[in-house]
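Please keep the structure open while you go through them.

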Amino acid sequence: MDDWQNRVDAVWADETLSPEDVITRIDELSAERPTDDAVALFERAGARDSAGVEDEAEVLYRRALAIGLDDDRRTQATIQLASTIRNLGKTEEALEMLRAEYEREPRGRLHDAAAAFYALALVSSGKPERAASVALQALAPHLPRYTRSVTGYAREIADHLD
C-alpha cells in the first residue's frame, strides 16, 4: 500500500492539477483497490470535498468510516465529513461529531484541527463565545508566552456560558 499511497500523495501535491483532474486521478488510483477499501473511499471523498462536490464526498466519507479506517485517517475523515456536512447545512450533526472528536481521549496529533473545525461549527450554530473559548484553548499551548493567562481566559469564557 505504501507505493499506492505515495502515488495518491503525489496527486495531492501536484498543484498544476485542476480539482476535476484530482478527482479523476484519485478515482483511477482507487480503482486499483477493492471496491470497499476504506482508504480508497476516504481519498475519493477528499478529492470531491476539495473540489466542492460535497454531496458526493459525504456519502464516500460515511462509507469509509463505516468500513473502518486507522486512527489517524478516522480522525481526518471525521473532521472532513463534519466540515462537509456543516457546509451542507447539517450543523447540529457536525457539532456532535466535532464535539466528540474534540473531547476524545487520548488526544491525538489532530486535536487542534478538531478544535478549529469545532469552533467553526459553533460559530455556524450561533455560539461564537463558546467557539472563541475552544479556539483559544487550542491556541494557548502554542504561544511562546501567556499560555497560562490565555488558558485561564478561555476557561473563564466557557464558565461564564454555563
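1. A charge counts as sitting over a ring if NZ of Lys or CZ of Arg is within 6 Å of the ring centre and within 35 degrees of the ring normal. Arg33 meets this over the face of Trp4, at 4.7 Å from the ring centre. Arg145 likewise lies over the face of Tyr146, at 5.5 Å from the ring centre.

2. A word on the basis: this is a predicted model, in which local features need pLDDT of at least 70 and side-chain atom pairs count only at pLDDT 80 or more, while totals for chains, interfaces and linings use all residues. Residues are numbered from 1 along each chain as its sequence is written, and side-chain values use heavy atoms, with hydrogens and water left out.

3. Rings of Phe, Tyr and Trp (its six-membered ring) pair if their centres lie within 6.5 Å; planes under 30 degrees apart are stacked, over 60 edge-to-face, and the rest tilted. By this rule there are two aromatic pairs. Phe42 and Tyr61 form a tilted one, 6.4 Å centre to centre with 50 degrees between the planes. This pair links distant parts of the chain, 19 residues apart: Phe42 is in helix 3 (residues 38–50) and Tyr61 in helix 4 (residues 54–67). Helices here are DSSP runs of H or I, at least four residues long, numbered from the N terminus. Phe42 and Tyr61 are both buried (under 20% relative accessible area, with exposed over 50% and partly exposed in between; 1.4 Å probe, protein chains only).

4. The pair of Tyr102 and Tyr118 is tilted because the ring centres are 5.3 Å apart and the planes at 40 degrees. Tyr102 belongs to helix 6 (residues 91–103) and Tyr118 to helix 7 (residues 111–124), 16 residues apart. Tyr102 is buried at a relative accessible area of 10%, and Tyr118 is buried at 5%.

Key
Helix = DSSP H or I, 4+ residues; strand = E, 2+ residues; numbered from the N terminus.
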